[in-house]
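Please look through the sequence and the model below before reading on.

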Amino acid sequence: MADDGDVNRVVAPGTRPEAVADRVAEVVEGIVELWTSAGQAVSPRLSAHQLKALKAVAYRSELNLTALAESVGIALPAASRLCDRLEAAGLLQRVPHPGNRRALQLLLTPQGSRILREIDERRSLSLAAVLAAMPPAQRQSLEEGLHAFRAAQHATADERATTREEQ
């Protein structure tokens, strides 16, 4: 009998990671649609990159354009254009950095903060409506499974980082 660490163990076809990944991918698309629709329901409407940029600025004080580009995963010129649009919409402002007069700091405006709160509320309400349609035991199982997924995700990310460091 194979132990849990044996990668050659017999696994029921429907429970193989590849098969589960295919089924989970379908569900994730629905969750992503629910999640992104909140950004589309506010005024001004926000793209995924715009929303990600606003969230990055909200969560990281003293964020500059270079750090924003890295955080959102876009090139510096694209980040600059993104900030131009967010600033024109009144959601973001560029101000002189308090510790470096040659640098600019990105800050949310009060309207930007309000929009993020509204989006978070819409997301929570939409997600709660779907979860309310599930039996309590399934909600509990989902929560436990998502926590296990997150732990495994962190473990594999740590493993990849260790492998890169060793190379």
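**A walk through the model**

Val-20 is partly exposed, with a relative accessible area of 32%, where buried means under 20% relative accessible area, exposed means over 50%, and partly exposed lies in between (1.4 Å probe, protein chains only). This is a predicted model, in which local features need pLDDT of at least 70 and side-chain atom pairs count only at pLDDT 80 or more, while totals for chains, interfaces and linings use all residues. Residues are numbered from 1 along each chain as its sequence is written, and side-chain values use heavy atoms, with hydrogens and water left out.

Val-20 is found in helix α1; helices (H or I, at least four residues) and strands (E, at least two) are DSSP runs, numbered from the N terminus. Between Val-20 and Pro-96 there are 76 residues in sequence and 50 Å in space, taken from C-alpha to C-alpha.

The strands can be followed next. Strand β1 (residues 92–97) and strand β2 (residues 100–108) pair in the antiparallel sense over 6 bridges, and two strands are said to pair if DSSP finds at least two bridges between them. β1 and β2 form a hairpin, with 2 residues between them, and His-97 stands opposite Asn-100 in β2.

What does the inside of the protein hold? The largest nonpolar core has 22 residues, and those with the most contacts inside it are Leu-46, Leu-54, Val-57, Leu-68, Leu-86 and Ile-119. At least two residues of this core come from each of α2, α3 (65–72), α4 (76–88), β2 and α5, and α2 gives the most, with 5 residues. The term nonpolar core stands for a set of buried Ala, Val, Leu, Ile, Met, Phe, Trp, Tyr and Cys residues joined through side-chain atoms within 4.5 Å.

The structure holds 6 salt bridges, a salt bridge being a side-chain nitrogen of Lys or Arg within 4 Å of a carboxyl oxygen of Asp or Glu. One of them joins the side chains of Arg-94 and Glu-87, at 3.1 Å from N to O, and Asp-84, Glu-87 and Arg-94 are linked in a network of salt bridges. Arg-94 counts as partly exposed because its relative accessibility is 22%, and Glu-87 counts as partly exposed because its relative accessibility is 33%.

Helix α5 (residues 110–132) contains both Arg-114 and Glu-118, which lie 4 residues apart, about one turn of the helix. Arg-114 forms a salt bridge with Glu-118, and the closest N and O atoms are 3.2 Å apart. Glu-118 also forms a salt bridge with Arg-122, again with the closest N and O atoms 3.2 Å apart, and Glu-118 and Arg-122 both lie in α5, 4 residues apart. With relative accessibility of 36%, Arg-114 counts as partly exposed, as does Glu-118 at 22%, and Arg-122 is partly exposed with a relative accessible area of 34%.

The last stop is the pockets. On a 1 Å grid over the protein atoms alone, a pocket is an open set of points where a 1.4 Å probe fits, with protein on both sides within 12 Å along at least five of seven lines, and lining residues have an atom within 4 Å of a point. The largest pocket has a volume of about 890 Å³, a volume being the space filled by probe spheres set on the points, with grid points joined across faces, edges and corners. The largest pocket is lined by 21 residues, of which Val-27, Val-28, Ile-31, Leu-142 and Leu-146 lie nearest its centre. The elements that give two or more residues to this lining are α1 (17–40), α5 and α6 (136–166), and α6 gives the most, with 9 residues. By class, the lining of the largest pocket has 14 nonpolar, 3 polar and 4 charged residues, where Ala, Val, Leu, Ile, Met, Phe, Trp, Tyr, Cys and Pro count as nonpolar, Asp, Glu, Lys and Arg as charged, and the others, Gly among them, as polar.

The second largest pocket holds about 250 Å³ of space, and among its 14 lining residues Trp-35, Ala-48, Leu-51, Lys-52 and Arg-123 lie nearest its centre. Here α1 and α2 (48–59) are the elements that give two or more residues to the lining.
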